[in-house]
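Take a look at the structure below. The text then walks through it step by step.

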Amino acid sequence: MLKRFGTLACEVCNFDFSKVYGERGKDYIECHHTIPVHRMKEGDKTKLSDLALVCSNCHRMIHRKRQWLNIDELRSIIQDQ
Ligand SMILES: [Zn+2]
Ligand SMILES: [Zn+2]
């Protein structure tokens with residue numbers, strides 16, 4: 001992502017750590033497994049497409065309650081506010 005776009009932004013809300021935190025936030029983002037790791041079987045590999053880049057707030061909100069939300073569900077919650 002960083003190579004392709006030159007920046008890292010949350011896939012849900014577009015938060016960009018470097019824009020808010022400057023140098024300290026540069027190249028920072030969290031990585032969310034869209035397929036829960038505990039559901040993976042031995043030998044399963046994580047593909048890049050199974051990962052979503054999200055900011056810390058969105059990541060917490062995804063995991064705050066069961067069922068965990070997917071990226072699209074969280075995005076539509078934000079849009080509804
Ligand atoms: Zn976010
Ligand atoms: Zn996660």
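Predicted model: local features only at pLDDT ≥ 70, side-chain atom pairs only at ≥ 80, totals over all residues.

Begin at the zinc ion (ligand 2). Three histidines coordinate the zinc ion: His32 through ND1, His59 through NE2 and His63 through NE2, at 2.1 Å. Along the chain, these donors follow the spacing H-x26-H-x3-H.

Now turn to helix H3, residues 56-63. Both His59 and His63 lie in H3. They sit 4 residues apart, about one turn of the helix. Are these two histidines buried or exposed? His59 has a relative accessible area of 15%, under the 20% cut-off, so His59 is buried. His63 has a relative accessible area of 29%, between 20% and 50%, so His63 is partly exposed.

Next, the cysteines. Cys55 is buried, with a relative accessible area of 4%. Cys58 is buried as well, at 5% relative accessibility. How many disulfides does the structure hold? The count is 0.

Cys58 leads on to the helix pair. Cys58, Met61 and Ile62 in H3 meet Ile71, Leu74 and Ile78 in H4. The residues of this contact divide into 6 nonpolar, no polar and no charged. Helix H4 spans residues 71-80. How do the two helices cross? Their axes come within 10 Å and cross at roughly 110°. That angle falls in the range of 65 to 115 degrees, so H3 and H4 are roughly perpendicular to each other.

Key. Residues numbered from 1 in each chain as written. Chains lettered and ligands numbered in written order. Heavy atoms only, no water. Donors = N, O, S within 2.8 Å, 3.2 Å for Na, K, Ca; no water. Buried < 20%, exposed > 50% of the residue type's maximum accessible area, 1.4 Å probe, protein only. Disulfide = S-S within 2.5 Å. Axes fitted to C-alpha atoms, helices over the stretch in contact; angles between N-to-C directions. Parallel < 35°, antiparallel > 145°, perpendicular 65-115°, else oblique. Contact = heavy atoms within 4.5 Å. Nonpolar A, V, L, I, M, F, W, Y, C, P; charged D, E, K, R; others polar.
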